[in-house]
Amino acid sequence: MNPANYIVLSAVLFSIGAIGVLVRRNAIVVFMSIELMLNAANLAFVSFARMNGNLDGQTVAFFVMVVAAAEVVVGLAIIVTIFRTRRTASIDEPNLLKY
Amino acid sequence: MSALATVATADNVSTFQMPSINYYAITPILIMFGAAVVSVLVEAFLPRGARRPVQLVLVLGSLAAAFIVTVDLRGTRLVTGDGAIAVDGPTLLLWGALLVVAFLAALLFAERSIDPLGDAFAPRASTLPGSVDEQEFTRRGFLQTEIWPFLLFSVTGMLAFIAANDLLMMFVALEVMSLPLYLLAGMARRRRLLSQEAALKYFLLGAFSSAFFLYGAAMLYGYSGSVGLVEIADTLSGKTAEGTLVFIGVALLTVGLLFKIAAVPFHQWAPDAYQGAPTPVTGFMAATVKIAAFGALLRVLYVGLGGLRWDWEPMLWVIAALTMLVGSIIAITQTDIKRMLAYSSVAQAGFILIGVMAASPQGLGSAIFYLVAYAFTTIGTFAVVSMVRDASGEATHLSAWAGLGKNSPVVAAVFSLFMLSLAGIPLTSGFVAKFGVFASAIDAGNTWIVIIGVIASIIAAFFYVRVIVLMYFADPGPDTASVVVPSAFTTIALTASAVMTIALGIFPQWLLDIIGQAGVFIR
């Protein structure tokens, strides 16, 4: 199968993730959408590695997985703290800082 | 069977070459990383009372040691680690500035005499705001010493971010730099709801932008077959047709970097994160993240994408103009000093972008000078903000600053110095810095952006001078805050940044000489 199709798929996944960040209101779902964007980039890296005939892209994908895992730890810590304080995970509720 | 497997393994190993690394050239990164790891162990194994002094010695000692090695490395110009890290003049210069500024910020972190309850950080960030647990921890005088490993990891990431010569290194460094900052932003002792909200917004938008950065890196990898900046530049100069991939890649990559420097329209996080974060953290991230992110942006644009200069320059032109104007105009309407300073830092990012888009050695030098001058002034500014207090904590509303000059003339005078420097008044570092970027832009033929820059400076001068007028020409009212006398930590940081602000304004030549000798990025 033509690897270029995977690039198209990754672009679709990245767009779904970006739109998800913009329209969803639950912090957890927003965060999941960001993870989807990172994984779309991974898919693009791996497909390009196949197309370019070198392993750099696959190496990058491994690093990105580790970084994404670290980001989950930090992100969930912050979201859980907010949830315990406000009893909501909505990103519209914390609105003390504005303008 | 096993013999065959061994042969196959040996073959595979022989195709992967162990990269040669010049360990001495990256010693500053290794020192900070080693100190960060030791700092985590200190948290795990030392009793509570012993942690703070040990952490302080570790943090200040490692920052000083890394700075000494950076000075010793001067004149180094090499690429190491298989093209992943470039140590050259601009890298070392920005490393040096970053380490000194981080040292001053660490002194602000360590301050304990300003707040009667302790330092600027929550005794336990995990307790609920207003809960019995929180009061109990406060009463017993607990301190959240985890701030020190966060500071060290963040500085490690910043050093690596400046030196990163390929996009993978740059992405990892970006995250190592940012993740501790997201957490630090949420740890304020007072106004904890604001602080947690700032952390949430900073984190979600920061992660969003790093996803853009990564996807841009993937596109450039697809275009050139490598994540190395030099290889990308070679591919760009070798091909005649540029293609869609490279344009998507450049756009997404620069969005990720422009987010970190808080350029309009990617600045929305900055006011919230600056206002909500504990003031020492605000000073730290305002000064050091700017240095690190501009270092990376300069390297990407000069080394990696220099061949596309005619394509990215118009984009930067628009962004620089918007950043200066929007930052300056919105800052006028602010009533909270931290939020006003956040918009001021947005406007300052626009001025530095003028130096970046000159795309000449002169432009590079002027941007570096601006970064150094801005970083010192910013640390001092937030040191003063942390000292102006009332019963509920820091008095950040502008009305509380009315008449401050009558009650505390020295602190008001120092703050006025910083405001004048940010506004770009002669005899302060801000003037020399602004002059440098404007001159380099005129030499590069960008006269129009300089005109917009001067207009934005005039608008910006209004809100900087307004604070001075408020401090000196208004009478102290019932809400007027008082200035708390800090311990030696804040005093040293404040004095050092005030001295640098004046020194770079009156005798800028020594730093200009160092910048001149540093030369340009290694290819």
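Me: Contact here means heavy atoms within 4.5 Å. How many residues does the contact take from chain A and from chain B?
Reply: This is a predicted model: local features need pLDDT of at least 70, side-chain atom pairs count only at pLDDT 80 or more, and totals for chains, interfaces and linings use all residues. Residues are numbered from 1 along each chain as its sequence is written, chains are lettered from A in the order in which they are written, and side-chain values use heavy atoms, leaving out hydrogens and water. The contact takes 46 residues from chain A and 45 from chain B.

Me: What area is buried between chain A and chain B?
Reply: Buried area is the accessible area (1.4 Å probe) that two parts lose on being put together, summed over both. Carbon and sulfur atoms give 78% of it. The area is about 3,800 Å².

Me: Which residue of chain A forms a salt bridge with E197(B)?
Reply: A salt bridge is a side-chain nitrogen of Lys or Arg within 4 Å of a carboxyl oxygen of Asp or Glu. The count between chain A and chain B is 1. Here the closest N and O atoms are 3.7 Å apart. The partner of E197(B) is R86(A).

Me: Is S210(B) buried or exposed?
Reply: S210(B) lies in helix α8 (residues 192-224) of chain B. Leaving aside neighbours within four places in sequence, S210(B) is in contact with E71(A), F171(B), L174(B) and E175(B). Buried means under 20% relative accessible area, exposed over 50%, partly exposed in between (1.4 Å probe, protein chains only). At a relative accessible area of 2%, S210(B) is buried.

Notes. Helices (H or I, at least four residues) and strands (E, at least two) are DSSP runs, numbered from the N terminus.
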